[in-house]
Amino acid sequence: MTPPSRRPRVRRIPLNAAAVVTVVISLFPVYWMISTAFKPSRDIQSAEPRLVPRTWTLDHFRRAVQADGFELFWRNSVLVTVGAVLLSLLVALGAAYAVARMRWQGRRQFMLMVFIAQMAPWESLIIPIYIISRDTNMLDRLPTLTLVYFMITLPFTIVVLRGFIGTIPPELEEAAQVDGCTRTGAFRRVALPLLMPGLMATSLFGFITAWNEFAYANFLIIKEQDNRTLPVWLSSFQNTFGTDWGATMAASTLFALPALVIFLLLQRHVTSGFAAGAVKG
């Protein structure tokens, strides 16, 4: 008979096994992308694929870095992504604070509209956004992409920051006001430092969303090729013989590095930020 102290461990075995299988299935495409980037072209086209490359090469990375437009499209992606994230944080912080701390007519209706905007699929907005951009002469411009990514990430940022602000006791700000701070000063000195995990969590979400987005960058930047971003640039590794898979996988690996590095740096804050933002609202 199994001792009572060992029963919880035995019960966790199927859950742990399922977790391991899920992680392996999720990470295998990433591993295959990275390993393919280091394989020679003859091994990539081989009829017998290997999990571990027999020989390693950096030729694909050299072709990716030396490809036309790499530095330009990298700069475009950084400008658009950082601009959208900063703009989203600035607007969402004010909106979330107003909803969480103040009582005003239409507050519930406002949050309902935010939830509806969050549930709307991005793809359904491509045609109206394209028509609006065309009629306002905003096609083929990086600020247009910045505004679109800001619009996409704003509802989620408001929802998370609203829940996070709700976990901060308002008495802390009231005590600062008693000591002579204005409402803005109390928020800046007391609440804002406590909001850093939530700001980091939402900024990471906005960064990954804008950094990886392809559809809008492909539809809104048509004529001005120099204004395209990295996701669109990744589709350019083709020649008369087909797709250059080695260079494509190398470029995809380089493309994924910034988001991975930022996530690893902010992992602790991101976890606490999402947990706190989901507690109260």
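Visitor: Why is Asn-137 called exposed?
Guide: The relative accessible area of Asn-137 is 53%, and the word exposed stands for over 50%, buried for under 20% and partly exposed for what lies in between (1.4 Å probe, protein chains only), so Asn-137 counts as exposed.

Visitor: What makes the phi of Asn-137 and that of Asp-140 worth a remark?
Guide: Most residues other than glycine have a negative phi. Asn-137 has a positive phi near 60 degrees, and Asp-140 likewise has a positive phi near 60 degrees.

Visitor: Which loop holds Lys-223, and how do you know whether Lys-223 is buried or exposed?
Guide: Lys-223 is in the loop between helix 11 (215-220) and helix 12 (230-233), and its relative accessibility of 68% makes it exposed. Its C-alpha atom is 6.4 Å from that of Asp-140, although the two residues are 83 apart in sequence.

Visitor: Why is Thr-81 called buried, and which residues does Thr-81 touch?
Guide: Thr-81, which lies in helix 4, has a relative accessible area of 1%, so it is buried. Leaving out residues up to four places away in sequence, Thr-81 touches Phe-207, Ala-210 and Trp-211, where contact means heavy atoms within 4.5 Å.

Visitor: What makes Ser-203 a buried residue, and which residues is Ser-203 in contact with?
Guide: Ser-203 belongs to helix 10 (residues 196-212), and with a relative accessible area of 16% it is buried. Beyond its neighbours within four places in sequence, Ser-203 is in contact with Val-85 and Leu-89.

Visitor: How do you know on which side of helix 3 its buried residues are?
Guide: In helix 3 (residues 59-66), His-60, Phe-61 and Ala-64 are buried. They cover an arc of only 100 degrees around the axis, so they are on the same side of helix 3; the arc is that of the directions from the helix axis to the C-beta atoms.

Visitor: What makes the charged end of Lys-39 count as sitting over a ring?
Guide: A charge sits over a ring if NZ of Lys or CZ of Arg is within 6 Å of the ring centre and within 35 degrees of the ring normal. The charged end of Lys-39 sits over the ring of Trp-32, at 4.0 Å from its centre.

Visitor: Where in the protein is confidence lowest, and where highest?
Guide: The predictor's confidence in each residue, pLDDT, runs from 0 to 100. Strand 1 (residues 238-239) is lowest, at a mean of 60, and helix 4 (residues 70-101) is highest, at 91. Where pLDDT is low, the predicted coordinates should not be read in detail.

Definitions and conventions
Residues are numbered from 1 along each chain as its sequence is written. This is a predicted model: local features need pLDDT of at least 70, side-chain atom pairs count only at pLDDT 80 or more; totals for chains, interfaces and linings use all residues. Side-chain values use heavy atoms; hydrogens and water are left out. Helices (H or I, at least four residues) and strands (E, at least two) are DSSP runs, numbered from the N terminus.
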